Amino acid sequence: MKTFVKCEMCNAELPADKCVFATYKKVIDGKEYTFCCIHCAGVFERRKNENK
Ligand SMILES: [Zn+2]
């Protein structure tokens, strides 16, 4: 069975079982989010902060 995780920002499907380093994880406000790259993580975090 294949496990996929999704990038919270661009919805890209990332194969979680292939390589852990293919995903970028970041904890924002105490919750762990998964992204495809550091760029998506940065945009997501900025948008979240703007909504506060
Ligand atoms: Zn992404």
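Predicted model: local features only at pLDDT ≥ 70, side-chain atom pairs only at ≥ 80, totals over all residues.

Colleague: How many helices and strands are in the chain?

Modeller: The chain has one helix and four strands. Along the sequence the pattern is β-β-β-β-α.

Colleague: What share of the residues counts as buried?

Modeller: 8% of the 52 residues.

Colleague: And the contacts, how many join residues at least 24 apart?

Modeller: Taking contacts between residues at least 6 apart in sequence, 31% of them join residues at least 24 apart.

Colleague: Switching to the backbone. What is the phi of Asn11?

Modeller: Positive, about 65°, although Asn11 is not a glycine. Asn11 sits in the loop between strand 1 (4–6) and strand 2 (13–15).

Colleague: Is Asn11 buried or exposed, and why?

Modeller: Exposed, because Asn11 has 9 other C-beta atoms within 10 Å, and 12 or fewer counts as exposed.

Colleague: What about Asp29, which phi does that one have?

Modeller: Asp29 is not a glycine either, and its phi is positive, near 55°. Its place is the loop between strand 3 (24–28) and strand 4 (31–35). Asp29 counts as exposed because it has 9 C-beta neighbours inside 10 Å.

Colleague: How do strand 3 and strand 4 pair?

Modeller: They are antiparallel, with five bridges. Together they form a hairpin with two residues between the strands, and Asp29 takes its positive phi in that hairpin.

Colleague: Which residue of strand 4 stands opposite Val27?

Modeller: Glu32.

Technical notes:
Residues numbered from 1 in each chain as written. Buried ≥ 20, exposed ≤ 12 C-beta atoms within 10 Å, placed from the backbone. Pairing = 2+ DSSP bridges. Contact = placed C-beta atoms within 7 Å.
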